[in-house]
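Have a look at the structure first, then read on.

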Amino acid sequence: KVHHTLLMTGAAGGLGTAMRDRLKANCEVLRLSDRSDFGPARAGEEVMLADLADAAAVDAMVKGVNAIVHFGGISLEGPFEPILQANILGVYNLYEAARKHGVKRVVFASSNHVTGYYKQSETITLNHPARPDSLYGVSKAFGEDLSRMYFDRYGIETACVRIGSSFAEPRDRRMLASWLSFDDLHRLVTACLTTPVLGHTAIFGISDNAVAWYDNSAARHVGYVPQDSSDPFREAVYARTPEPDVTDPAVIYQGGGFLFQGEPMTA
Ligand code: NAI
């Protein structure tokens, strides 16, 4: 256990729920936070509810922790105001609190939607510029840049994990390329928390899927080795989903359906 007290935000969400028990192996005390109530603390846990947009609440949430796994925030495309509050103001509040309280390492749940306007026929590296596919993707790109500034200026190390699709199983054909199993997500977070020198880095969060759009070779120092794969699910996913229309932008671009969520765009 490298960290005494580890803070996990977004504890009421899908990934927070999946990681809650797994992350207890990484620390003595797991502090859990969300803006929504998710019930009482269990053994080895602390619960502190906080809205990420509330700087004082975020300060109290961060005080006394040794590292942060930041899952909290708006996780889909939608109206700008909630994204602004949770993902832009919220991530600023988080890093300000980390700076004030001397927290030196953060695992930030970024997203594949930071680079969603690359094509599914391209393999992109961590050195490709951002091409966000949504306001949500832009907010995650903001978090990546903000955390880089906090590294360059204050030495707070961050891994921006560009999570693909982390669900119990791949649900559709796109997820055969983007799938990240819960166990691999835990392996990835653990690698980010324990690698001796993390620095500031992005890393794509995917399992060892045969078809992939991402090249993680610039983040070998993280030491993430996926052990799961979407490949055993391929036949079943093909059987229950229609042939893709290769002229459909949701099939052309890596971001898939996120390109069309939220307000319709005019030319
Ligand atoms: P989720 O939507 O299930 O959970 C997010 C949690 O954040 C929710 O419990 C929500 O109450 C909380 N939250 C939202 N606004 C908040 C605020 N203003 N203050 C405090 N808490 C707030 O999302 P999920 O799937 O668990 O994702 C976790 C993180 O990983 C998110 O940041 C998401 O953007 C990112 N991610 C997830 C992917 C996936 O495949 N599940 C893919 C790419 C990124």
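What follows is a short tour, grouped by topic.

This is a predicted model, where local features need pLDDT of at least 70, side-chain atom pairs count only at pLDDT 80 or more, and totals for chains, interfaces and linings use all residues. Residues are numbered from 1 along each chain as its sequence is written, and side-chain values use heavy atoms, with hydrogens and water left out.

**Aromatic pairs**

- Rings of Phe, Tyr and Trp (its six-membered ring) count as a pair if their centres lie within 6.5 Å; planes under 30 degrees apart are stacked, over 60 edge-to-face, and the rest tilted.
- That rule gives 6 aromatic pairs.
- One of them is Tyr150 with Tyr154, which is tilted because the planes sit at 40°, with the ring centres 5.3 Å apart.
- These two tyrosines are 4 residues apart in helix α4 (residues 135-154), so about one helical turn separates Tyr150 from Tyr154. Helices here are DSSP runs (H or I, at least four residues) and strands are too (E, at least two), numbered from the N terminus.
- Tyr150 is buried at 3% relative accessible area, while Tyr154 is partly exposed at 31%. The cut-offs are under 20% for buried, over 50% for exposed and in between for partly exposed (1.4 Å probe, protein chains only).
- Phe204 and Tyr214 make a stacked pair, 4.3 Å centre to centre with 15° between the planes. Phe204 is in strand β8 (residues 200-205) and Tyr214 in strand β9 (residues 214-215), so this pair ties together parts 10 residues apart in sequence. Both Phe204 and Tyr214 are buried.
- Tyr95, Tyr150 and Tyr154 are linked into a cluster by ring pairs.

**Charges over rings**

- A charge sits over a ring if NZ of Lys or CZ of Arg is within 6 Å of the ring centre and within 35 degrees of the ring normal.
- Arg99 has its charged end over the ring of Tyr154, 5.4 Å from the centre.
- Arg173 lies over the face of Tyr238, 4.3 Å from the ring centre.

**Helix α1 and Phe182**

- Helix α1 (residues 14-23) has Leu15, Gly16, Ala18, Met19, Arg20 and Leu23 as its buried residues.
- Those buried residues pack against elements including β1 (3-9), β2 (27-32), β7 (157-163) and α6 (182-194).
- Phe182 is in helix α6 and counts as partly exposed, at 21% relative accessibility.
- Leaving out residues up to four places away in sequence, Phe182 touches Leu15, Ala18, Met19, Arg22, Ser166, Phe167 and Ala168. Contact means heavy atoms within 4.5 Å.

**Cavities**

- A cavity is a set of points on a 1 Å grid over the protein atoms alone where a 1.4 Å probe fits but cannot get out; lining residues have an atom within 4 Å of a point. Grid points are joined across faces, edges and corners, and a volume is the space filled by probe spheres set on the points.
- The whole structure has 2 cavities of 30 Å³ or more.
- The largest cavity holds about 40 Å³ and is lined by His70, Gly72, Ala86, Asn87, Val91, Phe108 and Lys140. Helix α3 (residues 80-100) gives the largest share of that lining, 3 residues.
- The second largest cavity holds about 30 Å³, and its lining has 9 nonpolar, no polar and no charged residues. Nonpolar covers Ala, Val, Leu, Ile, Met, Phe, Trp, Tyr, Cys and Pro; Asp, Glu, Lys and Arg are charged, and the others, Gly among them, are polar.

Technical notes: 1 Å grid on protein atoms, 1.4 Å probe; cavity = no way out; pocket = protein on both sides within 12 Å on 5 of 7 lines; lining within 4 Å.
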